Amino acid sequence: ASFTIALRTVDNVTVMIKLRPGVLVGCQIHVKNFFRSELKIKPGDNVTFTFTCSTPEKYFIMEIQKNIDCVSGPCPFGDVHLYPLGLPRLNRTFIWDVKASTKAGLELKFSTPWLRQIEPGETCPDFVSYNINSCIDKATVNIGTFCRNGSVSRVKLLGGVIMSLHLPWNSPLTTSGFNIANRASIKRLCIIESVLKGESSVTLMSPNYPLGFPEDELMTWQFVIPSSMRASVFFHNYSLSNCERKEERVEYYIPGSLSNPEVFKLSDSQPANIPGSFNLSLQGCDQDAQNPGILRLLFQVVVQHPQVDENVTHLVDLSKELNMTVTIHFEGWPSRIPVMSEPICLICKDPRTCDRVLTLVSGAIYKISFLCKDLSRLRITAEKGISCVDLRWCQRKIFYLLVPKAITQLPIQLHKFIWKLLAPDLINIEIMSPSLKLQQHVPEQRCNTSYSYSIVGATPETELNVGVFCPGGSVEKIQMRNNVTISLKTFGKRFLNESKHQDLQMSFVPHIKDECSFTVSPDPKAKVYLQTPNWPYGLPPYVSISWYVVVPKKQVARLGFSKDRMGIACETGRAYVNIKEETAGAEETVRREDEPLPEPRNMYHDFWVNVSNCKPVDKTQLTLQFRVTLADKQIDLGVILAVLAGAGVLAAIGLTVCCVKKKKKKSQNPMVGVYNANVNTQVPGKQGLFTKGRKNNESHVYAVIDDAMVYGHLLKESNGSVSPEVDVYRPFDGPIGSLPPSPPPLSFRKDIKRSSNTEEPPSLTDTDHDTYTFAHQKSGQSEDIGDTSEKNNGDTSTSLLENKEQDGLVE
């Protein structure tokens with residue numbers, strides 16, 4: 001098809017057809033037997049041309065520029081038309097370059113549905129866009145880029161204007177959508193009018209955004225809003241320039257205000273709940289010539305109906321709290337930014353100071369209100385710090401980790417409450433739940449309560465994510481060596497009722513041995529599942545974790561691991577699992593990372609489980625899980641048979657003695673006292689278990705002994721095997737201590753006799769699965785159980801629990 005474009009001289013219109021940027025020549029323009037890649041048609045020309053391809057819109061674009069002089073001649077007020085007609089279907093840009101004096105600015109009026117400003121690089125849904133530039137002398141300022149369907153109804157500009165309309169090749173639009181309404185002198189860069197009729201929002205930007213507002217300029221936005229509506233202003237993105245004189249600011253003119261204009265810094269919370277129409281102005285400053293900086297602003301105005309409960313205030317008393325902040329925010333904050341079209345929820349400290357996010361600090365009393373149709377979209381996140389400087393004062397205090405009533409009484413769901421527990425060097429933290437206890441959240445035993453605690457310890461090198469816990473379990477207390485962050489997270493509305501029974505507490509204790517230590521009292525009716533911290537990513541290198549499991553006297557605990565091996569290979573050091581019962585003479589079971597883990601076993605006394613990590617090879621990580629099940633003790637049939645056999649032996653001995661007595665009846669002597677010097681009267685083990693030795697109190701000397709003991713040598717003649725029952729040793733079954741078993745040294749030997757050999761022992765193979773036991777010291781020898789200060793720690797922490805003061809929450 002051929003096209004003819006005839007331009008009148010008086011219209012002062014120029015048409016330019018050229019290749020699209022970045023497109024190779026695949027089509028040409030045929031004009032008077034010539035082939036061209038571009039064509040320029042000037043005012044007064046009449047040109048007929050064709051394209052050498054059937055889809056010229058893929059290769060060519062068109063610019064139509066009209067120059068309008070409003071300085072030396074009359075200004076053509078009224079609608080601006082798309083001229084000329086009959087243009088080829090190409091992507092086209094209409095440009096109107098209007099010259100005007102700075103003493104008589106121009107007013108552009110847009111027909112409905114008006115315009116909506118967009119950020120640079122953003123595209124319009126229908127690909128139809130407007131670009132407005134202001135021309136003052138030789139300077140050009142980009143007022144902004146706009147799409148159709150918005151609230152911007154008019155723009156007043158100081159000086160001339162360059163107006164551009166971009167249309168895609170298939171756009172059906174036949175009108176420009178604006179007119180030159182008037183010439184009016186304004187003493188500022190521009191005035192943008194935005195009309196908001198119902199509940200809606202509009203986003204606007206300062207000129208030249210994001211490159212920077214012109215130096216020392218002033219501009220105004222006029223917002224036309226029904227008096228029955230309420231408007232709120234939010235600054236989402238701004239930056240400041242470096243001022244030499246004056247100060248950058250925003251000014252509000254609010255009808256009915258007693259202090260017009262109201263002046264705010266860009267960093268201030270902007271006015272909210274404004275009744276009806278208002279103006280907002282942005283004022284620049286004289287910038288530093290060497291380092292001017294950038295002044296820019298992107299903001300949002302939200303219009304909504306007055307809320308029914310906007311006059312209802314809620315008292316939040318934080319006057320008695322210390323080191324606490326409370327943030328009320330929308331759901332998903334801070335990771336999610338609400339969509340502009342979403343209904344907005346505002347939190348107000350006073351009728352005009354409102355925002356989507358409001359932070360309250362301790363030591364003050366607040367009266368807050370909500371401008372929100374649905375309060376269920378709001379959440380509360382609070383944070384409280386507890387620290388210890390002097391252990392002599394701290395260790396006498398029990399700190400209750402409870403959510404204050406000032407928060408729970410608000411009609412908003414608590415999302416998270418964070419306690420940051422700070423402990424200096426040589427002071428550690430103990431977390432307790434005396435009545436409810438804690439359950440560790442594991443795949444086999446998930447929490448189903450309305451809230452849970454996430455416990456994280458911060459070491460100098462890395463974080464130790466201890467795990468997620470909920471109330472109603474078997475973990476009585478957790479001791480940690482470093483600073484701890486506890487995050488309470490809620491699930492559902494049940495928390496308001498269940499929160500009344502919280503009993504989480506913490507205290508500061510002296511230095512502990514392991515990175516983390518648990519005290520567990522299993523539920524007799526359920527399995528207890530426990531797993532190493534940092535699950536499922538693995539323990540950090542060289543970290544040691546301990547569990548102290550309490551076994552009731554009339555019950556037995558069944559201990560079993562969830563897998564056969566640790567599943568790691570060590571690059572440096574060795575990884576160990578240590579198991580030891582807390583009773584005299586108990587053997588300590590030790591497994592290395594290259595050995596199978598212990599088979600399920602019965603534990604008849606309180607016991608320790610210790611896991612010590614090495615530096616693993618590659619990406620292998622140490623993750624262990626074990627379970628503990630309690631059951632009533634059963635009488636062993638073998639024990640019953642042994643007792644019956646022993647009774648039979650004693651009966652035989654009695655019969656033998658009786659016979660001997662009858663034979664010696666005639667030569668019977670009076671009863672005498674005998675001292676047996678061959679009997680060992682020392683109790684093996686530690687002498688410190690008794691305050692006075694039995695060797696000193698002569699409790700082993702008998703004044704009178706039965707005849708059977710006197711004639712005990714006759715029992716040997718009758719092949720008896722029972723020794724005289726003089727000073728018989730009975731094992732001590734009292735408490736031994738509270739320190740966990742220490743991991744074995746790297747130079748550990750199975751065979752004690754080889755310890756003097758200086759050669760390195762051969763490495764253990766997979767077939768070497770014997771249980772390792774440490775020999776217990778003899779009486780009088782010192783036992784290496786770690787630093788004495790560490791041993792005393794267990795005593796101190798225990799006394800803290802027994803002698804805790806009921807002083808309430810102390811910071």
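**Salt bridges**

I began with the salt bridges and counted 21 of them in the structure, bearing in mind throughout that this is a predicted model.

I looked up Arg8 and found that it forms a salt bridge with Asp11, with 2.8 Å between the closest N and O atoms.

I then turned to Arg148, which forms a salt bridge with Asp126, the closest N and O atoms lying 3.1 Å apart. This pair links distant parts of the chain, for Arg148 sits in strand β13 (residues 139–148) and Asp126 in the loop between β11 (115–118) and β12 (129–136), 22 residues apart. I noted Arg148 as partly exposed at 29% relative accessibility, and Asp126 as partly exposed with a relative accessible area of 28%.

My next entry is Glu321, which forms a salt bridge with Lys384 at 3.5 Å between the closest N and O atoms. Glu321 lies in the loop between β28 (314–317) and β29 (324–330), while Lys384 belongs to strand β34 (residues 378–387), so the pair ties together parts that are 63 residues apart in sequence. Both Glu321 and Lys384 are buried.

I also recorded a network of salt bridges that links Arg574, Arg592, Glu593 and Asp594.

**Disulfides**

Cys124 and Cys147 form one of them, with their sulfur atoms 1.8 Å apart, and the link is left-handed, with -90° about the S-S bond. Here too distant parts of the chain are linked, with Cys124 in the loop between β11 and β12 and Cys147 in strand β13, 23 residues apart. I noted Cys124 as buried at 4% relative accessibility and Cys147 as buried at 1%.

For Cys243 and Cys285, I found a disulfide with an S to S distance of 2.0 Å, and its torsion about the S-S bond is about -85°, so this disulfide is left-handed. Cys243 lies in strand β21 (residues 243–245) and Cys285 in the loop between β25 (278–283) and β26 (286–287), so parts that are 42 residues apart in sequence are tied together. Cys243 counts as partly exposed at 33% relative accessibility, whereas Cys285 is buried, with a relative accessible area of 1%.

Lastly, I looked up Cys345 and Cys372, which form a disulfide with their sulfur atoms 1.7 Å apart. I noted Cys345 as buried at 6% relative accessibility and Cys372 as buried at 4%.

Terms used. Residues are numbered from 1 along each chain as its sequence is written. This is a predicted model: local features need pLDDT of at least 70, side-chain atom pairs count only at pLDDT 80 or more; totals for chains, interfaces and linings use all residues. Side-chain values use heavy atoms; hydrogens and water are left out. A salt bridge is a side-chain nitrogen of Lys or Arg within 4 Å of a carboxyl oxygen of Asp or Glu. Helices (H or I, at least four residues) and strands (E, at least two) are DSSP runs, numbered from the N terminus. Buried means under 20% relative accessible area, exposed over 50%, partly exposed in between (1.4 Å probe, protein chains only). A disulfide is a pair of cysteine sulfur atoms within 2.5 Å.
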